[in-house]
Amino acid sequence: MAEGDFVRETEMGKKMDRNSESLSNSESENDSISRISSLVATKDRDFLLSPNEQQVKVSRLEGKIVGLYFSGNWDPQCRNFTHLLANVYKQLRSEGSELEIVFVSCDEDIDAFNDYRAHMPWLSIPYSDMEVKKALNQRFNIEGMPCLVILQPKCGKDEVELRDGVELVYRYGVRAFPFTKERLEDLQRENREKHEKQNITNLLTKQNRDFLLGHPSSKKIPVASLIGKTIGLYFSAQWCNPAVKFTPKLISTYNTIKQTLSKDEGFEIILVSSDLDQSAFDTYFSIMPWLALPFGDATIKELVKHFEIGAIPCLVIVGPNGKTLTKQGRSLINVYQENAYPFTPEKLELLRRKADEEVKMLPKFENHLGHPHELTLVSDGNRGGSFICCDCDEQGLGWAYQCIKCGYEVHPKCVRSLDHGSGLNLSPRLDPTQI
C-alpha cells in the first residue's frame, strides 16, 4: 500500500470512529429521552407545564438528571419537604447543574394542584392526566409521600433509578447532587469519618460560641465543662404534642439520675429546640432543669442532619468519650426510666436479659379493654424495633402486646385486661421492666 493511501485510509478510519462515537452518544441521548418520554408523556401530549403555565417539551429533559416528585398539598410533611426541595433546586440550577424535577400530583382537585404548584419552581405533569400519574405510582410502587425518584440520563446498571431522594435531600441537601453511586459513597464515607471524629466540643461549639444556656437563660455554661460526661441531646419543641407528654417524664428521670450519681460521674441534658420563636423557646426551656443551645443557633440544624433526626421528640445519648451511644433515648426512658443510665451497651443488654426472664410471668395472649382483637406478647426482635404505644402514645422498646390482625401495639404496663368470667378488670398488667 502506498504511503498516501495509508494516510487517507487512517484518516477515514478516524472519521468513522468519530462518527461511530457521535452515533453512540446520540443513541444514548435518544434512549434517555425515550425512557423519560415513555414515563411522563403520551401520544397526545409531549409537553409538561412550567411554573408560568407554559408548555415545555419533554425533549428539554434530554441529558438531565430528572427527579419525579410525588407529593400532595394536604400532607404537612409534603409541604415541609417541598419548601426544602425548592431551595435545593434553585441553588443547583443557579450553579448550572443539569437537574430537572417533574411534579407528579397527588392532590385532591385542580384548585389544590394549582395552589400547591404555585410554590414549585419546576415542571409538572398536567393535573388532568390521571392515567400517567397512576402509571407512575404503579411503576415505582409509591407507598408513601413525599417521594422523590431520581432518574439518571444514562442507564448504568446501578444508577437507572434511585428511590430515596427525599432522605438524601434531607440528609445532604445540595451536596447529594448528582445522586450517583460514586457521589453517595463519598458522602457516606465523609459521614462515617465525621462520626469517628465526633466529640462534645465539635458537636456543640461554633467559632463565635463556646457556651450553652443555663438557668436563668442569661447564664452561660462553658461547653468544656461537659467533657467526660454522659450527655443527652434532647430534640424537642413546645408545639410538639408527643414532646409535651414526654418532657415531664424526662424531667423526673433526669432529676432522679442526678440525685444518685457519684462525684466521679456526670450526666447532663441539652435542649436542641425546634420552637417557632424566641418566646415559645423561653417558655418551654423555663420548665426544664437542664441546659440548652441558644434559640435559632446554626448548630441546631447541623445536629439534626448529623444525627438524622426524622421526628421529635428524640433523645440522643452521647457517651463520656463524645461518641454516640444510642438514638433510642426516648424509648429507653419510657421503658427503663433512670435504670437505663448510663445507656451503655452493657447496661442495656443487662436490662434486656432481665426483662426477657421476667416477661415469662406474663400471659402469652391478652384481651385489652381498649382493643377488640386478641393481643399477642412479642419481642422487639419479632416486631422490628421501637414502637409507639397505642394506649399512652409513648415510645416503647423490647416487649409489647401486639394485634396480629391490625398491628395495634401497647406496652405490657398499659394493658387493661378483660375478664370474660366476671366482667371488666381495669387493673393494668405488671410491666416486667418495672419489677
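**Cysteines, confidence and a run of paired strands**

A search of the whole structure turns up zero disulfides (a disulfide being a pair of cysteine sulfur atoms within 2.5 Å). Take Cys106: its sulfur sits 7.5 Å from the closest cysteine sulfur, that of Cys78, which is too far for a bond. Cys314, for its part, is buried, with a relative accessible area of 11% (buried means under 20% relative accessible area, exposed over 50%, and partly exposed in between, with a 1.4 Å probe and protein chains only).

This is a predicted model, in which local features need pLDDT of at least 70 and side-chain atom pairs count only at pLDDT 80 or more, while totals for chains, interfaces and linings use all residues. Residues are numbered from 1 along each chain as its sequence is written, and side-chain values use heavy atoms, with hydrogens and water left out.

The chain has a mean pLDDT of 83, with 84% of its residues at 70 or more (pLDDT is the predictor's confidence in each residue, from 0 to 100). Over residues 1–10, though, pLDDT stays under 50, and the model has two contacts for them beyond four places in sequence (contact means heavy atoms within 4.5 Å).

Four of its five residues are buried, so S16 is largely enclosed by the rest of the structure. S16 runs antiparallel to S15 (residues 365–367), joined by three bridges (two strands pair if DSSP finds at least two bridges between them). S15 and S16 make a hairpin, with six residues between them. Three bridges also join S16 to S19 (residues 400–402), again antiparallel. Thr376 of S16 is the bridge partner of Phe365, and Thr376 also stands opposite Gln402 in S19.

Notes:
Helices (H or I, at least four residues) and strands (E, at least two) are DSSP runs, numbered from the N terminus.
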